[in-house]
Amino acid sequence: MNRPAGPPTRATADAALAGLDLLASAVLLVGADGQVRYANAAAEHLLEISARVLARMQIAALFVNGDELAKLCEQALAHEYADLRQDLALERSGRDALHVHSIVSVTGDGGVIVELRENVQQLKLDREERMLDQSQVNKELIRNLAHEIKNPLGGIRGAAQLLELELPDKHLNQLREYTQVIIKEADRLQTLVDRLLAPHRRPHIVGDVNIHEVCERVRSLMVAEFPTGLSIRRDYDASIPEFRGDKEQLIQTVLNIARNAAQALRERIAAGDAELVFRTRVARQVTLAKVRYGLALDLHIIDNGPGISPQIRDRIFYPLVSGRDGGSGLGLTLAQTFVQQHLGVIECESRPGLTDFRILLPLP
């Protein structure tokens, strides 16, 4: 005669919880009062909080906008849904937000199980695809606009020169001032148009490139331009192999980013505590523009400046967008173009006190 199964023992429960540590996704067991009862190893890693500390916290207190997650738990406890699945951006104080896919369901003992799966990779791929599409649109727009400006600009300058030759001697000095304004402004616009068209005109000269030679060349230029107040620190991985690329384009890319950083560091340079870091690493199993590479160069250009204004942070690679007075807004646009010509991507993370431009290029 079979006996009815009794309630699960403590050993059985501990074994079940130990099994959750084998999962790659973060799992939190939350009581009906909203307090975390258990967190697996993946949750500790994802949240960067120990399980012991987590077990004393309310689910709503884990994040700045933790009320969203707490509300999902309440809805699950009210049996409004069998399980709730939702993409969330969970904000953390002083750190980047966590982009996760959450699954919330009720347990048999009146609690809630919360599973969090980080979907940063998918968000990153989506963002890269949008940036690539936007970059292609920008390049086409720039080419068309530059050519439309270039043709009449030459006519305006030529007409001003002819007009200057026809000015009467009596009023030559007085009226020449106006024709010179037209000529000089036409020249200024011509220079701007040439800079817009430069990446599309210059041939892509491919050869063997050592990224540390590129960084050292930029470093020497920056030291000459900012001899005092700016410390340039090198953090190189000497094992990075040479790769095929256009050395001059890569020098221009790193130089544009470094100069932008130095200009943002003006106050700290004056105070003598400005710092620029060139860091190289090897990234493994990286997807760039939908192509998977086993190895990639991971180059970081980091400064301790005030950070990029939130108003332009999502548009810094657009042409003619600048965060400083008098800036042309072309430096980062050219940098992005050159990186994309090397089948790579360029990203930026910024907050007050740290701005990190990251360049990823495929390695052989």
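Q: Which residues have the most contacts inside the largest nonpolar core?
A: In this predicted model, the largest nonpolar core has 39 residues, and those with the most contacts inside it are M222, L230, L276 and F278. Such a core is a set of buried Ala, Val, Leu, Ile, Met, Phe, Trp, Tyr and Cys residues joined through side-chain atoms within 4.5 Å, where buried means under 20% relative accessible area with a 1.4 Å probe, protein chains only.

Q: And which element gives the most to this core?
A: That is α8, with eight residues; helices are DSSP runs of H or I with at least four residues, strands are runs of E with at least two, and both are numbered from the N terminus.

Q: What does L276 touch?
A: Leaving out residues up to four places away in sequence, L276 touches M222, L230, S231, I232, R233, A258, A261, I301, I302 and D303, with contact meaning heavy atoms within 4.5 Å.

Q: Switching to α7, which of its residues are buried?
A: They are I211, H212, V214, C215, V218 and M222. Seen down the axis of α7, they fall within an arc of 150°, taken from the directions from the helix axis to the C-beta atoms, so they line one face of the helix.

Q: What covers them?
A: The cover includes β6 (207–209), β7, β8 (243–245), α8, β9 and β10.

Methods: Residues numbered from 1 in each chain as written. Predicted model: local features only at pLDDT ≥ 70, side-chain atom pairs only at ≥ 80, totals over all residues. Heavy atoms only, no water. Buried < 20%, exposed > 50% of the residue type's maximum accessible area, 1.4 Å probe, protein only.
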